[in-house]
Amino acid sequence: MKHKTVQLSVAEAISDDINMGTVRIDMPFKAELGMKWDDIICIEGKRKTFAVLKLPYPGDIGLKIIRMDMNTRSNADVVIGDQVRLSKATLKPAKMVEIALDYQNINFDIAPGVIKQGM
């Protein structure tokens, strides 16, 4: 199933949204994509990434922008001012989740059930 797409210009996230995994677009673009707030949106720059769709800030209404933080921009391999293509994400259940720790030479012996409960 092919989803509709919208192309918007990348803008910097407001400080409240940093590291939250969210992006903000204006309401007409959300409607054009057939999405609801808190849906997962697919963002295609040089790479593809995903984020949670949130309401626009009042000052952004009428602007053809998507507000995203540095992590999301990095994941999509774009910078402020670049154009990205947006579409509704197609979600599938995960078959496996791999957790990679950022520690070297440290072993953790944790029961899988504990990790699953924490997620």
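In the predicted model, valine 6 has leucine 86 of β6 as its bridge partner. The two strands concerned, β1 and β6, run antiparallel and are joined by five bridges. Strands of a sheet pair through backbone hydrogen bonds, in either a parallel or an antiparallel arrangement.

Strand β6, residues 83-88, also pairs with β3, residues 40-44. This second pairing is likewise antiparallel and comprises four bridges. Within it, isoleucine 41 lies opposite lysine 88 of β6, and glutamate 44 lies opposite arginine 85 of β6.

Both pairings belong to a barrel closed by six strands, in the order β1-β5-β2-β4-β3-β6. Pairing around the barrel is mixed. From one strand to the next, the twist averages 45°.

The largest nonpolar core contains 18 residues. Those touching the most other members are Ile25, Ile41, Ile43, Ile66 and Leu86. At least two core residues are supplied by each of β1 (5-12), α1 (27-33), β3, β4 (48-54), β5 (65-68) and β6. The largest share, three residues, comes from β1.

Contacts of isoleucine 66 were examined individually. With residues up to four places away in sequence not counted, isoleucine 66 touches Leu8, Ser9, Val10, Ala11, Val23, Arg24, Ile25, Ile43, Val84 and Leu86.

Notes: Residues are numbered from 1 along each chain as its sequence is written. This is a predicted model: local features need pLDDT of at least 70, side-chain atom pairs count only at pLDDT 80 or more; totals for chains, interfaces and linings use all residues. Side-chain values use heavy atoms; hydrogens and water are left out. Two strands pair if DSSP finds at least two bridges between them. Axes are lines fitted to C-alpha atoms, for helices over the stretch in contact, and angles run from 0 to 180 degrees between N-to-C directions. A nonpolar core is a set of buried Ala, Val, Leu, Ile, Met, Phe, Trp, Tyr and Cys residues joined through side-chain atoms within 4.5 Å. Buried means under 20% relative accessible area, exposed over 50%, partly exposed in between (1.4 Å probe, protein chains only). Contact means heavy atoms within 4.5 Å.
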